[in-house]
Amino acid sequence: MNKIFLLVTLALASYANDTIIQPKKCEIIKLSNFTTLVSCNKLDYIVQTKESRRDDEDNMKKIIVLSEKDNKIIINK
């Protein structure tokens with residue numbers, strides 16, 4: 001019984017190790033007060049913010065994804 005339990009535990013641990021997403025190492029570079037470059041793996045993100053007038057107002061202005069082939073705007077307010 002103990003051998004079966006040990007085998008099942010090892011099989012589950014092996015399966016979980018393959019399916020769990022590993023955290024990415026990202027580099028963050030602040031280009032200016034309102035512009036930040038975030039680089040993760042093969043994608044780069046340019047995040048532009050604006051100064052909010054109120055506390056409940058969102059300060060996100062634009063997010064641009066840069067890849068080797070093209071650029072796409074995700075959020076544009």
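## Terms and basis of the model

Contact here means that heavy atoms lie within 4.5 Å. The structure is a predicted model, in which local features need pLDDT of at least 70 and side-chain atom pairs count only at pLDDT 80 or more, whereas totals for chains, interfaces and linings use all residues. Residues are numbered from 1 along each chain as its sequence is written, and side-chain values use heavy atoms, with hydrogens and water left out.

## Overall content of the chain

The chain holds one helix and five strands, and along the sequence these elements follow the pattern α-β-β-β-β-β; helices (H or I, at least four residues) and strands (E, at least two) are DSSP runs, numbered from the N terminus. Of the 77 residues in the chain, 12% are buried, a class that means under 20% relative accessible area, with exposed meaning over 50% and partly exposed lying in between (1.4 Å probe, protein chains only).

The accessible surface of the chain amounts to about 7,100 Å², and carbon and sulfur atoms contribute 56% of that surface; the areas come from the Shrake-Rupley method with a 1.4 Å probe, and for residues only the protein chains shown count as cover. Among contacts in the chain with a separation of 6 or more, 4% are made by residues 24 or more positions apart.

## The sheet

The five strands form an open sheet in the order β1-β2-β3-β4-β5, with antiparallel pairing, where two strands count as paired if DSSP finds at least two bridges between them. At the edges stand β1 (26-30) and β5 (71-76), each of which pairs on one side only. Neighbouring strands of this sheet are turned against each other by 15 degrees on average, direction ignored, with axes taken as lines fitted to C-alpha atoms (for helices over the stretch in contact) and angles running from 0 to 180 degrees between N-to-C directions. Strands of a sheet pair through backbone hydrogen bonds, either parallel or antiparallel.

Strand β3 (residues 43-49) is joined to strand β4 (residues 60-66) by six bridges, and the two run antiparallel; in this pair, Asp44 stands opposite Leu66 of β4. Strands β4 and β5 are also paired in the antiparallel sense, over five bridges, with Val65 opposite Lys72 of β5, and a hairpin of four residues connects β4 to β5.

Strands β1 and β2 (residues 35-40) run antiparallel and are joined by five bridges, while a hairpin leads from β1 to β2 through four residues. Ile28 has Val38 in β2 as its bridge partner, and Cys26 has Cys40. Cys26 and Cys40 are also linked covalently by a disulfide, with an S to S distance of 1.9 Å, a disulfide being a pair of cysteine sulfur atoms within 2.5 Å. Because Cys26 lies in strand β1 and Cys40 in strand β2, the pair ties together parts that are 14 residues apart in sequence.

A search of the whole structure finds one disulfide. The torsion about the S-S bond of Cys26 and Cys40 is about 115 degrees, and the disulfide is therefore right-handed. Cys26 counts as partly exposed because its relative accessibility is 41%, whereas Cys40, with a relative accessible area of 12%, is buried.

## Surroundings of Thr35

Thr35 is placed in strand β2 and is buried, with a relative accessible area of 18%. Once its neighbours within four places in sequence are left aside, Thr35 is in contact with Lys30, Ile46, Val47 and Gln48.
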